[in-house]
Amino acid sequence: MEIDLSKISLRPFKLEDADDFFLFAGDDQFTMNLRWKTLTSKQEALDHIKDVCIPHPWRRSICIDDRSIGFVSIFPFSGEEDKFKANFGIGVAVKYWGQGIATRAAKMAVSQFFVDFPEVVRLEAYVDVENLGSQRVVEKAGFQKEGVLRKYAYVKGKLRDLVLYSFLSTDFQAEAEGCLP
Amino acid sequence: MEDTSVVQLHQNKPEDECPNLSLRPLDVSDIDAFMVWATDEKVARFCTWEPYTNKEDGLSFIKNTVLPHPWLRAICVDDRPIGAISVTSNSGNDKCRGELGYVLASKYWGRGIATRAVGMVVETIFDEWPHLERLEALVDVENLGSQRVLEKAGFQREGVLRKYVVLKGRSRDRVMFSLLSTDHRPT
């Protein structure tokens, strides 16, 4: 089923999203490259929305016709020295993979985020070296690959090589002015 | 009292100009030696700190940062500190990773001392910290001398991280280098 990408929207999470949230976050394939544990109940979905999504500095539900099918999170670092940097994360329900939805949502999120957080200069995304799908998403969304960081961190107990991507506020301005493809 | 691990390298190569390089803990009694490099703007150029202007600030730094540091050593020539080298530690999902940093009095630059000091750390840190998988270092794109030190010490250049730090009000690109415990001792 082809999704009309113009139906994709981003909005804050609501408690009412719990059923839809459980649908995608209850899937091991969805959480495989995230630090999240796969959700096992609607109550856990409700708790996650209440305790994590709603208080989050910038997390949005990716919606089709206002129904939640994923998330995009941008987390500014804390501390005086690091507050110009932020970390990007995204996940789309497995059944909607391969249609350009995550790429579209990523582009929308980056545009909105730099407006909401003008002091952030550098947005980073760390993607597992084996997660080719997510690498394509961030590349098509305009992130630049900087390098592979070997044995950088543990994700779900396994030591991972992570590809580091960045999107600078100056890339964003250049793109907006039509200077970048 | 920090464990006194003294690593000594004796002059055994004809091209070595520098005798008796060693690493040992840095203490408040080293304040005068510390001030030699800490007040030098050439040394501070790519560092987050401004050159020190008074001894009290130097003593505060030693008491508050050096003494409680998980791993910091003075780089010594004939047991006199001419610089320092350190490795940070992380916890949780990041405990596999430590960041290497070093600083050397400018009068001792260009003699391979930093490279040897890095080598001495590499020889010991993976044994002292068995949980350490990755030693990394972030070097300013314009700091070619320090990039050469790491390359000679066997680190791999992984990429340029754009606007990775804000240094003295300006965004700086940093080059990421790493050495894995398996690079050092292939299993």
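Trainee: How many salt bridges are there between chain A and chain B?

Mentor: The count is 4 salt bridges, each a side-chain nitrogen of Lys or Arg within 4 Å of a carboxyl oxygen of Asp or Glu. This is a predicted model, in which local features need pLDDT of at least 70, side-chain atom pairs count only at pLDDT 80 or more, and totals for chains, interfaces and linings use all residues. Side-chain values use heavy atoms, without hydrogens and water; residues are numbered from 1 along each chain, and chains are lettered from A in the order in which they are written.

Trainee: Which side chain does B:Arg162 meet in a salt bridge?

Mentor: B:Arg162 pairs with A:Asp171, at 2.9 Å from N to O.

Trainee: And which strand gives the most to the side of chain A that touches chain B?

Mentor: That is E6(A), with 10 residues; strands (E, at least two residues) are DSSP runs numbered from the N terminus.

Trainee: How much area do chain A and chain B bury between them?

Mentor: About 2,100 Å², with 48% of it on carbon and sulfur atoms; buried area is the accessible area (1.4 Å probe) that two parts lose on being put together, summed over both. In chain A, the residues that lose the most area to chain B are A:Arg150, A:Tyr152 and A:Tyr154, together 36% of what that side buries.

Trainee: Changing topic, how many disulfides are found over all chains?

Mentor: The search of the whole structure gives 0 disulfides, a disulfide being a pair of cysteine sulfur atoms within 2.5 Å.

Trainee: Is B:Cys76 buried or exposed?

Mentor: B:Cys76 is buried, at 0% relative accessible area, where buried means under 20% and exposed over 50%, with partly exposed in between (1.4 Å probe, protein chains only). B:Cys96 is also buried, at 0%.

Conventions. Helices (H or I, at least four residues) and strands (E, at least two) are DSSP runs, numbered from the N terminus.
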